[in-house]
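Hello,

Here is the structure I promised to pass on to you. Have a look at it first, and then read my notes below with the model open beside them.

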Amino acid sequence: MRRLSIRNLHVSLVAGTIAAIMAMQTAPVVAQQVTMDAVTIERSMILTQPGVFGVVTMFKLKPEWDKVPSYERMGSAAEVANLIEKHKDAVLVDFYLTRGLKTNSDFFVRIHAYDLAKAQTFMREFRSTTIGKNAVVSDTLVGVTKPLNYITKEKSPNLNASINAASYIGDAPRFAIVIPVKKSAAWWTLSFEQRLKEMEAHTVPTLAYLTNIKRKLYHSTGLDDVDFITYFETNDLLAFNKLLTSLATIPENNYHVRWGNPTTLGSILSPEDVIKALTE
Amino acid sequence: MRRLSIRNLHVSLVAGTIAAIMAMQTAPVVAQQVTMDAVTIERSMILTQPGVFGVVTMFKLKPEWDKVPSYERMGSAAEVANLIEKHKDAVLVDFYLTRGLKTNSDFFVRIHAYDLAKAQTFMREFRSTTIGKNAVVSDTLVGVTKPLNYITKEKSPNLNASINAASYIGDAPRFAIVIPVKKSAAWWTLSFEQRLKEMEAHTVPTLAYLTNIKRKLYHSTGLDDVDFITYFETNDLLAFNKLLTSLATIPENNYHVRWGNPTTLGSILSPEDVIKALTE
Amino acid sequence: MRRLSIRNLHVSLVAGTIAAIMAMQTAPVVAQQVTMDAVTIERSMILTQPGVFGVVTMFKLKPEWDKVPSYERMGSAAEVANLIEKHKDAVLVDFYLTRGLKTNSDFFVRIHAYDLAKAQTFMREFRSTTIGKNAVVSDTLVGVTKPLNYITKEKSPNLNASINAASYIGDAPRFAIVIPVKKSAAWWTLSFEQRLKEMEAHTVPTLAYLTNIKRKLYHSTGLDDVDFITYFETNDLLAFNKLLTSLATIPENNYHVRWGNPTTLGSILSPEDVIKALTE
Amino acid sequence: MRRLSIRNLHVSLVAGTIAAIMAMQTAPVVAQQVTMDAVTIERSMILTQPGVFGVVTMFKLKPEWDKVPSYERMGSAAEVANLIEKHKDAVLVDFYLTRGLKTNSDFFVRIHAYDLAKAQTFMREFRSTTIGKNAVVSDTLVGVTKPLNYITKEKSPNLNASINAASYIGDAPRFAIVIPVKKSAAWWTLSFEQRLKEMEAHTVPTLAYLTNIKRKLYHSTGLDDVDFITYFETNDLLAFNKLLTSLATIPENNYHVRWGNPTTLGSILSPEDVIKALTE
Amino acid sequence: MRRLSIRNLHVSLVAGTIAAIMAMQTAPVVAQQVTMDAVTIERSMILTQPGVFGVVTMFKLKPEWDKVPSYERMGSAAEVANLIEKHKDAVLVDFYLTRGLKTNSDFFVRIHAYDLAKAQTFMREFRSTTIGKNAVVSDTLVGVTKPLNYITKEKSPNLNASINAASYIGDAPRFAIVIPVKKSAAWWTLSFEQRLKEMEAHTVPTLAYLTNIKRKLYHSTGLDDVDFITYFETNDLLAFNKLLTSLATIPENNYHVRWGNPTTLGSILSPEDVIKALTE
């Protein structure tokens, strides 16, 4: 239907571009569409697929939480476990403890879902649990995973090979760091080739840390007030400080409107252990 | 009366411009005046007409809401339905659920009215309902619809034709996104022709998304602290992320003082379903 | 006494300028001094005179207001009327309803007084009324009126004539808009002649709106964190949006550090009607 | 001991500078040291000496204050008088009423002390009085007085003479204004000579106001998040608006990172009258 | 494993750099690893070693604290002493009193630990003490100590010698100041040699203050939203004002995105004395 209307376009200074862009952009929209019915959430899959929504919600306990009877606070762990079980075909749920390390939150929750509405439903129901009712949301970040954009096999073969040649080794990471990123208009209005070049320079210093720092990226432009949610897991915070200091020295840093603010650093724990730690 | 006084103007470096601008600007003010009496609000009309006021109000439930007895919370759905019925000749009302996706709101309300005072009266009375009393306003945006300014049949015929040649198809959209926009002095002080050229470049990447993303624009300069309220509906959030990423690459992006902050993403639901979801 | 000390000044690179500036600035300070004793406040006079203090205070009702018995809330209208009567020789008082249109206020009050201390006393006593006690101040703006600075008969005769040739006609305006303005150091460090030229360009697009938009200016530099409080009344909000959009296109806009933030839009109502509307 | 180690310095590109700066800066640190023991606070002395700490604390009454029985609120005046008497050998205390003129405070307190620890102790004990307990601190500014830096007899003899030739005359000032100032890196990295030149230009327009506006300066760099606290007293707010407008036109204004924010305008009253005004 | 994959890298414009950076950065990550088991915390050691985590947490007492019975508030001192004793093999704990000098805090706590998780556990348990429960966290800063980066024996021998030649003398300092620092992308994208030159210039004015101001640095990039936490102790606040004013005049100041905000100035006291002061 749209193709017909385009045929009627009078040739003008923009018409050629219009047609090209419409063709180019319509295709992937369809191609990446995810079938949402009858999906069973499998951790290893959902954490590596494109087209998956990520919702990160920071919570700060209200003073009222301290007045909830101790057994009821502990009981909240079972309540949350039941909720996770109920939604296990719709969302993947991770918990993190931030109390003691952050000002504005005591814990945070990361949700993955193929359908954002299902993530919303889980988070809404979580708000009605004992711990959810006794906490205020201090920040929410919504994003979606996408295939690699710059450092692909085709566009940057050497770096792509380097990235794929190493992976995290050693003990399970104890810490997670969430750093939201917003880039400037100056960044986005660079040509793709220029951005590719900058992202190659950005990628080089990360290679040394592939074995001790895990990384995951969510795209948020239009869905939230940031462009990206960068998520890291590590056991070696000194290495993480060095990686981020290295990234700061890369010219791409000039295009950051927001890098952190807040940076959220927490301990990776089971939902039960997070609730236990906040109950003691 | 004003014309007489102008005749007496001594010719000066500014006098010619004065007369021209006064003539030019007085006319449309009168032409677009809307008769406010005896209007029955019809959705399809009010959503497409110029000169219509839009008020978007974000609400965050107070902790007290949880303590309102469950039947009273559910009863609020009927209370709100009655209020909407009472004002049906004055305002059009839409509800959206944001709990689970946003930090600062649980739901938002969009009002359309030919007379802003009537929108104010509805919103004021809504504040006295059970749910209104138990919620705080976290943001309010006021704007007014106007005829197309740049991409008109006369000024940009090809793009205008492209816009009109395609429209939203497929299932009713499940998500709405509200993105307030403020443009810089550098933007406004460009000549109209330059702004037209930039808006043409801005419009091109939007064409590919006419069939899966709906868009509506409100003008807010002087009425609020933003210049525009952009409102979108879609079923395909990945496409929406791509559209907004494309728009970020357009030079017009350099003129954004504010683009979002907050971006509000919510589910499109009936007032009853929003209240039900917040009652469970 | 000061003149004597200046005579003793050794001639230096700055001495000449010192003397000139001291002479220039001392004069108007004396000239505009207002006799404060035994003044009866007359609306038409105080609203047009220079040397009058204006205090605009935005209020947001506390949740406790809803719990005040209905007859007591209504009784507050009489209480406020009595307070206004008591201070009628000291201050002129105007009320505006913002609930439904603004996030941070439900109503605002504008005070005019020849002595700022008397405005302070009224506002302090208002805070002890039932409605004052149940409201928090969300913003306060303090300014003072002064004679025209740029578009005077001497400095810009044509524009001055145009401004004086037209005045507001038609029904009493239903809406008021308060827009605080702060200008950049770049503005203030322009020469007076350059600022005059810019203000002439600023004035031109306002001429078309003299008949449907009223305007009043307060100077706040040093008294508050803004340079100006601009206050408007109109019945035609679409025209107001056009006026402010036109002003945005004037180069003077490049010198705005703050223009709004907040823009406050409210309905012009009697104190009684504002309190009634907030009581229903 | 430090001198010995410097002798061992190998001559290098920085060594000469090091020695010069160390000599230069060590001296005044010693010279201005204030003996803190057995000082009796005398208003006229402590207000003119260098090396005196100033602490300005803004307070906003809590809603609970209204519920304190009236006699207890009035009694707080005596309680505060006793506290001032108790600390009269350690601190000088001034009170100001801001309710009715400011958003974020109802009153503020200015403390002078030779030892900052004593100012802290007074302010801490004030927080335990009835009015202190029922108020929240909305802002605190800490600074220290120093000898004139730029407009000295040696560096700028004419302006120094002008400043000394005139002083405040007339009735006791009724209003005080506190304006915190932070200057940009661009300012601080100017050479001293350039800054002297700019401060001379800054000083010129102030001369006309020496007889009707009092001024006091506190240095805060490193002690607080501002560089200076500027404090004014006047009876003529229109003159004050003109002075600050004049200062805005001076190139030094280009180096302001913060000038106000908040500007605090209050009435100069005895502690008793401030508490009385807030009790009525 | 990673080395093998690098061998397969096709030589490209980035490959050489990749290898160099990987070799360079991997080494120190390993070298500075700290063995965390069976460490007994010794003040003099942990305060001088690299690889130590520092957590600075600012607290503001809630109004509820005033309602806690006096003996219970005093008892909190013993409770906190017990907690410190319990964790003495895991963390070093310091307390500071800010009430009377700061707006947003009444006291702050500085923790040192070889393992950040142990610092988190202490701070989490502190939140469950009587004073912890009655306080809100107003700010948290997390950093880690590292060896000198710029002014080392190798890179800047003269300045390094000067720093080592002098140390704090005189009475124990009574005041501590915490100033968080964030540097701009422009800073980080300078070459190391340029940054070294700037840091040498920065270091010169600090030499004069080595005997009366103590200084400690924590690196926070990636762990928090600042790059550095600078911590000072002194008895001479006038000298501190002069030092910070001197640092402001150094070109490095042009690269500060954040310097303070908040600057936190407090009195150095034992935990017991801080709690006592807040109990009176």
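**A covered helix**

Let's start with helix α5 of chain A, residues 116–126, which is mostly covered, with 8 of its 11 residues buried. The buried ones are A:Leu116, A:Ala119, A:Gln120, A:Thr121, A:Phe122, A:Met123, A:Arg124 and A:Phe126. Please keep in mind that this is a predicted model.

Some of these residues come up again around A:Ile111. Leaving aside residues up to four places away in sequence, A:Ile111 touches A:Ala119, A:Phe122 and A:Met123, and also A:Gly54, A:Val55, A:Val91, A:Leu92 and A:Val93. The largest nonpolar core has 325 residues, and A:Ile111 and E:Ile111 are the ones that touch the most other members.

**Chain A as a whole**

How many helices and strands does chain A have? There are 11 helices and 9 strands in it. Chain A is 280 residues long, and 43% of them count as buried. If you take the contacts in chain A with a separation of 6 or more, 80% are between residues 24 or more positions apart.

Where they meet, 16 residues of domain 1 of chain A are in contact with 15 residues of domain 2 of chain A. On the domain 1 side, the elements that give two or more residues are β1 (53–61), β2 (92–97) and β4 (135–144) of chain A. Which of them gives the most? That is β4(A), with 5 residues. By type, the residues on this side of domain 1 of chain A are 9 nonpolar, 5 polar and 2 charged.

**A strand with two partners**

Now turn to chain C and find strand β1, residues 53–61. Is this strand mostly covered or mostly exposed? It is mostly covered, as 8 of its 9 residues are buried. β1(C) pairs with strand β3 of chain C, residues 107–113, in the antiparallel sense over 7 bridges. To find this pairing in the model, look for C:Gly54, whose bridge partner in β3(C) is C:His112. β1(C) is also joined to strand β4 of chain C, residues 135–144, by 9 bridges, and these two strands run antiparallel as well. Here you can look for C:Leu61, which stands opposite C:Ala135 in β4(C).

**How the chains go together**

Enjoy exploring it, and do write back with any questions.

Best wishes

How values were computed: Residues are numbered from 1 along each chain as its sequence is written. Chains are lettered from A and ligands numbered from 1 in the order in which they are written. This is a predicted model: local features need pLDDT of at least 70, side-chain atom pairs count only at pLDDT 80 or more; totals for chains, interfaces and linings use all residues. Two residues are in contact if their C-beta atoms, placed from the backbone, lie within 7 Å. Helices (H or I, at least four residues) and strands (E, at least two) are DSSP runs, numbered from the N terminus. Ala, Val, Leu, Ile, Met, Phe, Trp, Tyr, Cys and Pro count as nonpolar, Asp, Glu, Lys and Arg as charged, and the others, Gly among them, as polar. A nonpolar core is a set of buried Ala, Val, Leu, Ile, Met, Phe, Trp, Tyr and Cys residues joined through C-beta atoms within 7 Å. A residue is buried if 20 or more other C-beta atoms lie within 10 Å of its own, exposed if 12 or fewer, and partly exposed in between; C-beta atoms are placed from the backbone. Two strands pair if DSSP finds at least two bridges between them.
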